[in-house]
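We will then walk through a few places together.

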Amino acid sequence: MTVLNDFRLRLGSDEYLPIMVGGMGVDISTAELALEACRLGGIGHLSDAMTPFVSDRKFKTHFTKTKSGRYKFNRDNIDKTQIKFNLDELYSATLKVVSAAVERKEGDGGLFINVMEKLTMGAAADTLGMRLKAALDAGIDGITLSAGLHNGTLKLIKDHPRFRDVKIGIIISSVRALKIFIRGAVKLDRLPDYAIVEGPLAGGHLGFGEDWADYDLKKIVPEVLEYVRNEKLDVAVIPAGGVFTGTDAVEYMEMGCGAVQVATRFTVTKECGLPPAVKQQYFAAGEEDIVVNSLSATGYLMRMLKNSPAIGANVKPQCEPLGYTLSTKGTCLYVDAYHATDNDENGKKLSVMDKVCICYHFGQHNVWTCGSNTYRLKDTTNQLPDGSYQILTAEHVFNDYLLSENHEVKLPELPVPEAAQA
Ligand SMILES: Cc1cc2nc3c(=O)[nH]c(=O)nc-3n(C[C@H](O)[C@H](O)[C@H](O)COP(=O)(O)O)c2cc1C
């Protein structure tokens, strides 16, 4: 029987096992997770979301504190137009986070970074250009452009010495979005190496509107494959969103796809950056606990567990220390929602129900974003005598994708009880 391991992904002259572990911000797809996918011969993604904050947490730098101090005078001001990132600091932070991972790279796989256009950071093009430059200078193998059409993104790096050798891909949710991107890419004579087709069952932000449930990845992928074939483009097509077993992946490979991008199954691995208690929430979730809502301050729909602590919180906007979702005009949908929410009779802000401060809450792991198959995670592991679920390793999940037949998922070996170890 054909298994995923029978296929290879070719990007330019490089060959990989056909599994990409998707970027998951903020630092949910940690360096440890991305490096493991890379060591095993696939492709792992870092995320470029909030790199100054991530650098502070990991390397004890002070980017967030410095920025907070700089704008302390503005904390009670509704107007956030003055809040900007210092571009040199943003460069240093991104360089630090990416270089630290690149230095630890082992194996034949690829270490890529997911770069989101919607992370507008008060100055969209400048901050995006700086994050891309830092990732390229740090020696990243590939850049996956996400959360936006990225019409002007290639221009930002066209003069970088690595522009033609780094792998470049884009996440799209329709053939139309890919056509728009290709039009710009042709002008620079720099086609993407791959296109990730993300369907409506994915985790994180969705590239669809309220009618997301009317779309089906199995219908979008053939349209993209047909376009790529008709135009004779050397662009690998990589489906994402709901690919839960190796057999799901094989079905796409047999259509002519180059690889699959997966994420949800890796959220419950020890290498994933979610805290252990949150991983248990993912395991325990039922289908009815997974919702798509419009709470993200980016304006995109997002899938999350409905018991995410961020929902209905009333945290004061954190634009002075954070401010990653501020538009170039200095606006943020959460800032608007916060100020539109009344106070109670004691002057305390009531719950903000329309939006979530995703900068603050993603940093605290309070937004439990997840793919639509999260409720099936409990079937991929053992329940332990104390009722908790056994955390997996990325290697176990990776190999299960590679070798699974008939949609079977192999359970991990049970941990040896402490008494037996003694
Ligand atoms: C916890 C989580 C966080 C995610 N964060 C991001 C992100 O920051 N940027 C992005 O482009 N995609 C993000 N995604 C989407 C994944 O990279 C991936 O394409 C998708 O979830 C694959 O579908 P699956 O989860 O059903 O395997 C996230 C997914 C999950 C589960």
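Is H150 buried or exposed? This is a predicted model, and in it H150 is buried, because 24 other C-beta atoms lie within 10 Å and 20 or more are enough to count as buried. You will find H150 in the loop between β6 and α6. Its backbone also deserves a look: phi of H150 is near 55°, a positive value in a residue other than glycine. Most residues other than glycine have a negative phi.

Another residue with a backbone of this kind is N406, whose phi is near 50°, a positive value although N406 is not a glycine. N406 sits in the loop between α13 (394–403) and α14 (418–421). N406 is exposed, because it has 8 other C-beta atoms within 10 Å, and 12 or fewer count as exposed.

Now let us turn to the packing of helices. Two packed helices are described by the angle between their axes and the distance between the axes. Start with helix α2 (residues 51–59) and helix α4 (residues 87–102), whose axes come within 8 Å and cross at roughly 55°. The two helices are therefore oblique to each other, and α2 passes α4 in a left-handed crossing. On the α2 side the contact is made by T51, P52, V54, S55 and F59, while α4 brings E89, L90, A93, T94, K96 and V97. Sorted by class, this contact of α2 with α4 has six nonpolar, three polar and two charged residues.

Helix α4 also packs against α5, at an angle of about 35° and with the axes 8 Å apart. The crossing of α4 and α5 is right-handed. Residues of α4 including L87, L90, Y91 and T94 meet residues of α5, among them D126, T127, M130 and R131. By class, the contact of α4 with α5 has ten nonpolar, three polar and four charged residues.

Stay with α5 for a moment. This helix covers residues 124–138, 15 residues in total, and reaches 21 Å from its first C-alpha to its last, close to the 21 Å expected at 1.5 Å a residue. Its buried residues are T127, L128, M130, R131, L132, A134, A135, L136 and A138. What covers them includes α4, β5 (110–116), β6 (142–146) and α6 (153–157). After α5 comes G139, whose phi is positive, near 95°.

Next, look at E36 in helix α1 (residues 31–39). E36 is buried, because 25 other C-beta atoms lie within 10 Å. Which residues does E36 contact, leaving aside its neighbours within four places in sequence? They are G44, E271, A394 and E395. E36 and I140 are 104 residues apart in sequence, and 15 Å apart in space from C-alpha to C-alpha.

A cis peptide bond joins G25 and V26, with omega about -5°. Most peptide bonds are trans.

Our last stop is D216, in the loop between β9 (204–205) and α8 (217–230). D216 is exposed, because it has 12 other C-beta atoms within 10 Å. D216 and E198 are 18 residues apart in sequence and 9.9 Å apart in space, C-alpha to C-alpha.

Terms used
Residues are numbered from 1 along each chain as its sequence is written. This is a predicted model: local features need pLDDT of at least 70, side-chain atom pairs count only at pLDDT 80 or more; totals for chains, interfaces and linings use all residues. Axes are lines fitted to C-alpha atoms, for helices over the stretch in contact, and angles run from 0 to 180 degrees between N-to-C directions. Helices (H or I, at least four residues) and strands (E, at least two) are DSSP runs, numbered from the N terminus. Angles under 35 degrees count as roughly parallel, over 145 as roughly antiparallel, 65 to 115 as roughly perpendicular and the rest as oblique. A crossing is left-handed if the near helix is turned anticlockwise from the far one by less than a right angle, and right-handed if clockwise. Two residues are in contact if their C-beta atoms, placed from the backbone, lie within 7 Å. Ala, Val, Leu, Ile, Met, Phe, Trp, Tyr, Cys and Pro count as nonpolar, Asp, Glu, Lys and Arg as charged, and the others, Gly among them, as polar. The expected span of a helix is 1.5 Å times one less than its number of residues.
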